[in-house]
Amino acid sequence: MAAGGRRFVPLQVRIAVTGFNAVGAVMLTLALTALGVLLSGMQVDPVAQGGTGYLDFVLFFNAALFLSPLAGVLVFLGVRVRRGEHWAWLSSLVFWAFVGTMMPLLAWVLEAPLGLRLLPVVGAAAMMALLMTPQARLHCADLED
C-alpha cells in the first residue's frame with residue numbers, strides 16, 4: 001500500500017471507471033427525461049391513433065424498469081472496482097457481457113437504427129477489454145493480505 005493508505009489505481013481501471021460513470025450519467029439522464037415525458041401528460045397517444053404503443057413502452061421501459069436501476073448499479077460497481085474489489089470486477093464483467101448481448105437484441109426487436117444496435121456492443125467490448133488487461137486483473141485480484 002502506498003503512503004497515506006492510498007492504493008495505486010492503474011490507468012486502465014481509471015478509464016473504465018470513468019466510462020462506468022459516463023454511461024451511468026447518460027442512462028440516468030435518459031431515464032429522467034423519459035419519466036418527465038410520461039408525467040407531463042403527452043398529447044400524442046400512439047395506441048389511440050391506431051399505433052402500437054411503442055413510444056409508451058420505450059418511455060416506461062427507460063424510466064422505470066431499466067435505466068434508473070442499472071445506472072445506480074453501474075456507478076456503484078465503478079466505485080468498487082476502483083477500490084480493487086474482486087467481486088465487483090467479476091460483477092462488472094457479467095454486467096458488460098449482459099449489456100453487450102441483450103441491448104442489441106432489444107434494439108433489433110424494437111427496430112432501432114443500426115447505430116443504436118452497435119453502440120452498446122462497442123461500449124461493452126471496450127469496457128471488458130479494459131477490465132481484462134493484466135494491470136486491471138492484478139489490481140482487482142483476490143489476494144490474501
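Contact here means heavy atoms within 4.5 Å of each other. The model is a predicted one, so to speak of local features requires pLDDT of at least 70 and side-chain atom pairs count only at pLDDT 80 or more, while totals for chains, interfaces and linings use all residues. Residues are numbered from 1 along each chain as its sequence is written, and side-chain values use heavy atoms, with hydrogens and water left out.

Start with Ser92, which sits in helix H3 (helices being DSSP runs of H or I with at least four residues, strands runs of E with at least two, numbered from the N terminus). Ser92 counts as buried because its relative accessibility is 0%; the cut-offs are under 20% relative accessible area for buried, over 50% for exposed and partly exposed in between, with a 1.4 Å probe and protein chains only. Leaving aside residues up to four places away in sequence, Ser92 touches Phe20, Leu77, Val81 and Leu131.

After H3 comes Glu111, with a positive phi near 55°.

Then there is the largest nonpolar core, with 25 residues (buried Ala, Val, Leu, Ile, Met, Phe, Trp, Tyr and Cys joined through side-chain atoms within 4.5 Å). Phe20, Val81, Phe95, Trp96 and Leu131 have the most contacts inside this core. H1 (11–39), H2 (54–83), H3 and H4 (114–131) each supply at least two of its residues, and H2 gives the most, seven. Phe95 touches Leu70, Leu74 and Leu77, again not counting residues up to four places away in sequence.
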